[in-house]
Structures are given as C-alpha cells and as structure tokens.
Amino acid sequence: MDIGFIGLGNMGFPMARRLIEAGHRLVVFDTRQEVMDKLVARGAIAASSPKDVADQVETVMASLPSLQASLDVATGAGGVIEGKRAKRFVDLSTVGSAMAATIHGLLKKRDIVQIDCPVSGGVGGAEKGTLAVMVSGPKAEFELLRPALEVIGKVFFIGEKPGAAQTMKLANNFLSATAIVATSEAVVMGVKAGLDPAVMIDVINAGSGMNTASRDKFPRAVLPRTFDFGFATGLMVKDVRLALEEMKQLGLSMEVAEAVGRLWETVISAEGAESDFTAAIKPIERKAGVVVGGAKGGVTGT
C-alpha cells in the first residue's frame with residue numbers, strides 16, 4: 001500500500017520502519033528533519049506537512065503524543081483534512097473516545113474515514129512488530145487495512161463505533177498503570193522488611209502475583225535502576241486521566257482507579273513528565289526510606 005505516516009517518535013519510528021521493510025511505500029512527516037532523513041535513507045518519501053502527506057496518499061497513519069496534536073494534525077490548518085487524496089485517517093495515538101468521536105465528526109464532513117487504532121506493547125513491541133493493535137471503524141475499511149496493521153502487531157477488531165478502540169486502550173493502560181505502582185508498593189514493603197527485591201520478583205513471577213510490571217519492567221528497568229523502559233510518565237498520566245474521565249462519563253464506581261490516579265499525580269509531580277514511567281517507584285521509596293535494587297540488585301536503606 002501507499003501509506004502516509006505522521007509522527008516518528010519512540011513508537012512511530014519503529015512502526016514506520018517495519019512498514020517500509022514489509023514493502024509498503026511510505027510518505028512521512030515529523031517536525032524533526034533528522035528522523036525523517038533516517039526513513040528517507042530506507043526508501044521513504046519526506047513530506048513538508050500533514051496536508052502534503054494527505055495530498056499524496058489515500059491512507060494516512062499518525063502516532064502522536066497528545067490529544068491536541070491528533071486534533072491539529074487531523075483537522076487543523078495544514079492538516080490531513082485539507083489533503084487532496086486522503087480517504088482515511090488511522091490514529092495510532094491514545095486520545096480517548098470523546099476526542100476520537102470529535103475527530104471522526106470533523107473528518108466525516110470531508111468524506112475522510114476516521115479509524116481508531118491505538119496500540120499497546122511499548123517501544124519493544126513496536127520494534128519487534130508484536131504490538132496489540134486495537135481497531136474501531138467501518139469493517140470494510142478495517143479489512144482493507146488489516147495486512148498493513150498486521151506488520152506492526154496482533155490486530156483486534158473492537159467494533160464499528162467511533163472511539164470503541166480508544167475505550168479498550170484506556171482499559172488496558174489503566175491496568176498497566178495499576179500494575180507498576182501496585183508492584184512498587186509490594187516490593188518496597190518487602191525491602192523495608194529486609195527482603196531481597198530480586199528474589200521477591202522471582203517469587204512473584206513464579207506465583208499468582210505475576211504481572212507485566214514484575215515480568216518486564218522490574219527486571220529490565222527498576223532493579224538495575226536504569227529507568228529506561230521507553231514510555232514517559234507524562235504519557236502514562238495522560239492515559240490514566242483519560243481513563244478516569246471515561247469512567248466518570250459512564251457513571252462507574254472507581255475506588256481503585258481514583259487511588260491509582262492520585263499515585264500517578266504524585267509521580268508526575270515528583271519525577272516530571274519526561275521521566276520514564278518506571279520511575280513511579282521513586283516517590284514510594286522515598287516515603288519508605290529505602291532504595292530498591294541497584295548494581296547488585298540488592299537492598300539499600302536510606
């Protein structure tokens with residue numbers, strides 16, 4: 001397929017690269033010339049704006065960091081909505097169902113189909129092509145896109161309702177956000193009591209407490225204290241806030257979600273939006289007076 005790809009960040013770049021490697025012709029745009037140049041060297045065509053992308057291809061994908069960025073790229077001045085050829089806008093970003101519905105309505109006026117397509121699995125999943133790809137939109141459009149989407153991961157059709165895939169993504173990321181802070185509290189409890197955190201993680205992963213944080217994040221980024229898993233605290237907080245908003249709109253009871261939300265607000269306040277989200281353990285450590293892990297994976301009292 002001829003595909004436009006806008007947003008070549010930590011997630012977008014490896015997804016775009018995989019599409020090129022699979023034989024698709026890509027027209028790419030990012031505000032950073034250097035990342036475009038890397039894909040041009042692999043065979044992509046550089047565009048000068050989202051509109052320029054949409055002037056050249058019928059299918060435009062986007063992987064963007066914020067709700068406003070998705071709205072601007074899709075429907076703003078110089079956006080996809082002004083393109084001469086674009087027929088479908090595939091948003092790989094996490095924007096929530098309300099924003100997805102807004103973009104859907106605006107694009108529909110120009111006969112451009114909005115396809116919600118948030119992904120989960122982190123930078124590693126994007127590089128390996130193992131992301132969970134959640135799609136909502138017209139079924140015929142989904143089938144048309146399926147071969148390209150299967151290049152970046154395992155594809156799930158959620159439904160035709162605008163925003164349905166966004167709701168699925170928020171449910172997933174709420175669980176991911178919960179896993180990292182809950183595991184942090186559990187491990188800090190053990191370290192405060194004198195347990196070895198590396199042994200704790202081994203036991204948790206062999207038992208019923210195993211989760212994505214204990215399985216992936218702690219061994220790779222928390223115990224070594226590299227805090228470089230590849231997903232920013234600001235993005236996680238955005239997703240948690242969106243999940244809370246959606247739950248409120250649905251009139252749900254949210255005791256766990258609200259507690260998780262408060263923890264993440266503490267994390268972003270203490271560590272900053274640009275920190276890796278695995279740094280969520282740091283405020284918990286400070287309150288407990290311990291440090292988990294280190295070069296030896298051991299225990300350090302403070």
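Reply: Happy to, and let me begin with the surface: the protein chain has an accessible surface of about 13,200 Å², and carbon and sulfur atoms account for 55% of that. Please keep in mind that this is a predicted model. Of the 302 residues in the chain, 53% count as buried. The fold is built from 13 helices and eleven strands. Its radius of gyration is 20 Å, close to the 19 Å that the globule rule gives for 302 residues, so the chain is as compact as a globular protein of that length. The C-alpha trace spans about 65 × 45 × 30 Å along its principal axes. If you take the contacts between residues at least 6 apart in sequence, 63% of them join residues at least 24 apart.

Now to the rings. Searching the whole structure turns up three aromatic pairs. In one of them, F142 and F157, the ring centres are 4.8 Å apart and the planes meet at 35°, so this pair is tilted. F142 belongs to helix 7 (residues 139-149) and F157 to strand 9 (residues 153-159), so the pair ties together parts that are 15 residues apart in sequence.

Helix 7 deserves a moment of its own. Besides F142, its buried residues are E141, L145, A148 and L149. Viewed down the axis, these buried residues fall within an arc of 105°, so they line one face of helix 7. As background, an α-helix has 3.6 residues a turn, so residues three or four places apart point the same way.

Elsewhere, F229, F231 and F277 make up one aromatic cluster.

R225 has a positive phi of about 60° although it is not a glycine, and it is partly exposed, with a relative accessible area of 26%. D111 also has a positive phi of about 60° without being a glycine. That residue lies in the loop between helix 5 and strand 6, and at 66% relative accessibility D111 counts as exposed. For context, most residues other than glycine have a negative phi.

Two further spots round out the background. P118, in the loop between strand 6 (113-116) and strand 7 (119-120), is buried, with a relative accessible area of 0%. Beyond its neighbours within four places in sequence, its contacts include D91, L92, A132, V133, M134 and K169. From P118 to S136 it is 18 residues in sequence and 9.3 Å in space, C-alpha to C-alpha. In helix 4 (residues 67-75), A69, S70, L71, V73, A74 and T75 are buried. The buried residues of helix 4 pack against strand 1 (2-6), helix 3 (50-56), strand 5 (88-91) and helix 5 (96-108).

Definitions and conventions:
Residues numbered from 1 in each chain as written. Predicted model: local features only at pLDDT ≥ 70, side-chain atom pairs only at ≥ 80, totals over all residues. Heavy atoms only, no water. Phe/Tyr/Trp six-rings, centres within 6.5 Å; stacked < 30°, edge-to-face > 60°. Helix = DSSP H or I, 4+ residues; strand = E, 2+ residues; numbered from the N terminus. Rg over C-alpha atoms; globule rule 2.2 N^0.38 Å. Buried < 20%, exposed > 50% of the residue type's maximum accessible area, 1.4 Å probe, protein only. Contact = heavy atoms within 4.5 Å. Areas by Shrake-Rupley, 256 points an atom, 1.4 Å probe, with all protein chains shown as cover. Arc of directions from axis to C-beta.
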